[in-house]
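Here are some exercises to work through with the model on your screen. Try each task yourself, then read the solution.

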Amino acid sequence: MKSDPKTFHVKSFGCQMNVYDGERMGELMAAQGLVAAEADAADLVILNTCHIRERATEKVYSDIGRLRKDAGKQGRTPMIAVAGCVAQAEGEEIVRRAKVDVVVGPQSYHNLPGLVARAATGLPALDTDMPIASKFGALPARRKVGPSAFLTVQEGCDKFCTYCVVPYTRGAEVSRPWGQVMDEARALVDAGAREITLLGQNVNAWTGEDEAGRIQGLDGLIRALDRLPGLARIRYTTSHPNDMTQGLIDAHRDVGKLMPFLHLPVQAGSDRVLRAMNRSHDRASYLRLLDRVRAARPDIALSGDFIVGFPGETEAEFAETLSLVDAVGYAQAFSFKYSPRPGTPAAAIAAQIAPAVMDDRLQRLQAALNRDQQAFNRATVGRSCDVLVERRGKLPGQMLGKSPWLQSVHLLTGAAIGDLVEVELTAAGPNSLTGSPFALAAE
Ligand code: SAH
Ligand code: SF4
Ligand code: F3S
């Protein structure tokens, strides 16, 4: 029998929403009186998993093995909880395969204290329900956060792209109510946030009723947050092209606190591949959408997600992805090799692409994306902008922060974490820039 854990550690493997969930689970454990500890010293280790690609799942099993081995050497047997999307997808299979103490899905982690207590008595503790009542109401209030905070406003996905597990692991699209979101935003600002990134698998599908009972979209929420005293910056991610309303595009022109950055995954440049992916937008409609966004906010930094080697993708179709990249000029992007996910329609397509072909395509795509990222960074040299200071750098007096275009910027300044410092961007490296403050901020 295991005893009640006194210390905990949360390790998050996935997207920003997964990171947000990890923070909330940590707050939940702290509210139970547990103390945060390093992974190699904690009585309870929560592995907050991601199921999006094959390697993510395998990593969890190897992590469990390593954790046990390291703890065993110290004569410890920590309680292990598997949370997140692998927990949702694999459920009891994880208990069977890895004999972990707790399995909890992304929509039921508010039940973690009860599950941990049950596991402490030696009973199996598994909860992968997707309750109608939201977990958010059962979570403790936000207390202490860094200058840049995440706020999940929308969960789940109804789009069913043929390669993707998210609709199965996260469930249907749900929007958190307006009042709940505004309350959490205020709590985050009180807890130290200067920037809030609104999160959702399809965040721009968010909809709700404001205090006056009017139906609002994400743009309405952003406009309300713009009026929140103490909040300096607003971001949102991830968006789906089909939910990109004119109102949201206009917000990029009108709303001062909304940062000039848009992450809008496209996945592929070929219409045949996009159809096979069930993306419900085509190449031309995506490019037209970006034209409208750029018309509203000419300096906007664009970002995307790409999958290479979707089943049946020919060399000519892949070349259309490269030409789309050339046409857009992304400021940054994520690109992945297609990974067949159990239970998704694309995994059953016969024409899977050979690993060597995928490697080659990924390399060529990443070369193009890196080229464009560097070009974007170089083009911002000479611009003046605010940098939100997020942490200390390696050198004395050096701080690290983000530009409005989500670039990492190094600067020498006496300013504190959480300050906005006006700089001129003076040099660009491949992954970060240097900023020179105009005046030393008040200390
Ligand atoms: N809801 C978001 C993205 C969610 S997943 C959207 O649709 O834009 C994040 C990214 O992981 C996706 O955009 C896609 O590029 C990638 N991805 C999802 N499933 C994948 C799979 N089976 N193999 C490889 N990459 C995948
Ligand atoms: Fe997955 Fe597509 Fe939904 Fe994004 S829109 S989460 S890629 S199914
Ligand atoms: Fe991964 Fe789940 Fe996010 S599968 S990408 S942690 S929604």
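Two strands pair if DSSP finds at least two bridges between them; strands (E, at least two residues) and helices (H or I, at least four residues) are DSSP runs, numbered from the N terminus. This is a predicted model, where local features need pLDDT of at least 70, side-chain atom pairs count only at pLDDT 80 or more, and totals for chains, interfaces and linings use all residues. Residues are numbered from 1 along each chain as its sequence is written, chains are lettered from A and ligands numbered from 1 in the order in which they are written, and side-chain values use heavy atoms, with hydrogens and water left out.

**Exercise 1. Find the order of the six strands in the open sheet, and say which strands stand at its edges.**

Step 1: Walk across the sheet and you get β2-β1-β3-β4-β5-β6, with parallel pairing.
Step 2: β2 (35-36) and β6 (125-127) are the edge strands; each has a single partner strand, so one side of each is left without a neighbour in the sheet.
Step 3: Now look at the pairs. Strand β1 (residues 7-12) is joined to β3 by five bridges, and His9 stands opposite Val45 in β3.
Step 4: Val45 also has a bridge partner in β4, namely Ile80. Five bridges link β3 (residues 44-49) and β4 in the parallel sense.
Step 5: Between β4 and β5 (residues 102-104) there are three bridges, again parallel, and Val82 is partnered by Val103 in β5.

**Exercise 2. Decide which way the residues of β4 point, and whether they are buried or exposed.**

Step 1: Buried means under 20% relative accessible area, exposed over 50%, and partly exposed in between (1.4 Å probe, protein chains only).
Step 2: Recall that in a regular strand the side chains alternate between the two faces of the sheet.
Step 3: Check β4 (residues 79-83): Met79, Ala81 and Ala83 point one way, Ile80 and Val82 the other, and all are buried.

**Exercise 3. Work out the handedness of the unit made by β3, α2 and β4.**

Step 1: A crossover is right-handed if, with the strands pointing away from you, the path from the first strand over the helix to the second runs clockwise.
Step 2: β3, helix α2 (residues 54-73) and β4 make a right-handed β-α-β unit.

**Exercise 4. Which residues of α8 are buried, and what do they pack against?**

Step 1: Count first: seven of the nine residues in α8 (residues 218-226) are buried.
Step 2: Name them: Leu218, Asp219, Gly220, Leu221, Ile222, Ala224 and Leu225.
Step 3: With contact meaning heavy atoms within 4.5 Å, these buried residues pack against α7 (178-190), β10 (195-199), β12 (215-217), β13 (233-237) and α9 (246-254).
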